[in-house]
Amino acid sequence: MLKIRNLSKSFNKDTDNQIDVFNHFNLEIKANKCTAIIGSNGCGKSTLLNIIGGSIKEDTGQIILKGRDISTFREEQRAIYMGRVYQDPSMGVSPSLTILENMSLADKKGEKFTLRRLIKKKNINKYIELLKDLGLGLEDKLDTKVKFLSGGQRQSLSLVMAAMKHPDLLLLDEHTAALDPKTSNVVMQKTKELISKYSITTIMISHNIRDAIEYSDRIIMLDKGQIILDKPSRNVTEEELITIYRTKLDEKIA
Ligand SMILES: Nc1ncnc2c1ncn2[C@@H]1O[C@H](COP(=O)(O)OP(=O)(O)O)[C@@H](O)[C@H]1O
Ligand SMILES: [Mg+2]
């Protein structure tokens with residue numbers, strides 16, 4: 001479904017501050033599975049997602065989605081095939097627009113911009129059904145500006161919007177990290193329901209190893225831009241992951 005071939009990326013190239021994030025990195029993601037990416041701060045998780053999504057350009061390498069090399073596609077072009085939810089609850093939505101306006105915008109993704117009206121009445125019932133599925137009562141708040149929603153409500157809305165057009169790929173970058181534990185659980189549960197309902201291939205960066213194990217099919221641990229663990233999630237234990245983290249931390253301190 002997604003192949004990353006021979007990816008290399010450095011920041012601040014040819015300066016004293018050069019940071020080599022990836023050096024001939026390869027990864028293959030299977031369709032209809034949720035792959036969790038974990039690893040300590042700065043190991044390259046967000047850079048990887050940004051390169052896939054097209055907001056950061058790789059130095060060398062190819063991104064191949066469903067057999068097509070999309071490396072030259074701009075971020076907006078890739079957005080037609082990919083949904084994204086960010087860590088910051090204000091990133092995936094337009095806070096000053098209403099829920100209905102936000103959903104209508106998400107629904108227009110990939111269409112050429114036209115001056116026709118944004119909200120199509122015939123679509124409203126579809127939005128209501130999608131929101132009802134969330135079970136958060138957002139269907140009764142269609143005309144509420146998104147800035148008045150809680151972080152959890154916004155992230156859930158972002159998720160629904162990202163999944164609405166059934167993208168080939170859903171990219172989640174620590175999308176529950178800014179939420180309190182209870183809300184985070186609700187959003188993770190909604191995430192699971194949505195991706196299984198629509199069989200969306202998902203890459204989920206997680207700061208929470210328990211969530212990573214529980215909600216994914218496969219766990220990949222990165223360290224300094226390299227894969228140091230790659231296993232089916234059902235074969236991974238929290239203890240195992242914590243031990244690896246500790247070992248890496250000790251190496252750093254030593
Ligand atoms: N735009 C940028 N400019 C310079 N350095 C960056 C930039 N983005 C990320 N980095 C650096 O690249 C490394 C990987 O960062 P990142 O992918 O954000 O890590 P993670 O998401 O795993 O915490 C870090 O050392 C980070 O400081
Ligand atoms: Mg990150």
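User: Two strands count as paired when DSSP finds at least two bridges between them. In this predicted model, how many bridges join E4 to E5?
Analyst: E4 and E5 form a hairpin. The two strands run antiparallel. Ile64 stands opposite Asp69 in E5. Pairing needs at least two bridges, and the number joining E4 to E5 is 2.

User: Which residue in the turn of the E4-E5 hairpin has a positive phi?
Analyst: The turn leaves 2 residues between E4 and E5. One residue there has a phi of about 50°. That residue is Lys66.

User: Which residue in E4 is the bridge partner of Arg5?
Analyst: E1 pairs on two sides. Toward E2, Ile4 has Leu27 as its bridge partner. Toward E4, E1 runs antiparallel with 5 bridges. There, the partner of Arg5 is Gln62.

User: Which element gives the most residues to the shell around ligand 1?
Analyst: The shell includes Phe11, Asn12, Ile19, Val21, Lys45, Ser46 and Thr47. The elements giving two or more residues are E2 and H1. The top contribution is 3 residues, and it comes from H1.

User: How many residues of the shell around ligand 1 are polar?
Analyst: Gly39, Asn41, Gly42, Cys43 and Gly44 are among the residues surrounding ligand 1. Gly counts as polar and Cys as nonpolar. The shell holds 4 nonpolar residues and 1 charged. The polar count is 7.

User: Is Asp20 buried, exposed or partly exposed?
Analyst: Asp20 is found in strand E2. A residue is buried at 20 or more other C-beta atoms within 10 Å, and exposed at 12 or fewer. Asp20 has 14. That count falls in between, so Asp20 is partly exposed.

User: How far apart in space are Asp20 and Glu111?
Analyst: The two residues are 91 apart in sequence. Taken C-alpha to C-alpha, their separation in space is 37 Å.

User: How many residues of E7 are buried?
Analyst: In a regular strand, side chains alternate between the two faces of the sheet. Leu169, Leu171 and Asp173 lie on one side of E7, with Leu170 and Leu172 on the other. Both faces are covered. The buried count for E7 (residues 169-173) is 5 of 5.

User: Which residue in E8 is the bridge partner of Leu169?
Analyst: E7 runs parallel to E6 (residues 82-85), with 4 bridges, and Met82 stands opposite Leu169. E7 is also parallel to E8 (residues 201-205), with 5 bridges. In E8, the partner of Leu169 is Thr201.

User: What is the handedness of the β-α-β unit made by E7, H6 and E8?
Analyst: E7 and E8 run parallel. The helix of the unit, H6, covers residues 181-197. The β-α-β unit is right-handed.

Definitions and conventions: Residues are numbered from 1 along each chain as its sequence is written. Chains are lettered from A and ligands numbered from 1 in the order in which they are written. This is a predicted model: local features need pLDDT of at least 70, side-chain atom pairs count only at pLDDT 80 or more; totals for chains, interfaces and linings use all residues. A residue is near a molecule or strand if its C-beta atom, placed from the backbone, lies within 6 Å of it. A crossover is right-handed if, with the strands pointing away from the viewer, the path from the first strand over the helix to the second runs clockwise.
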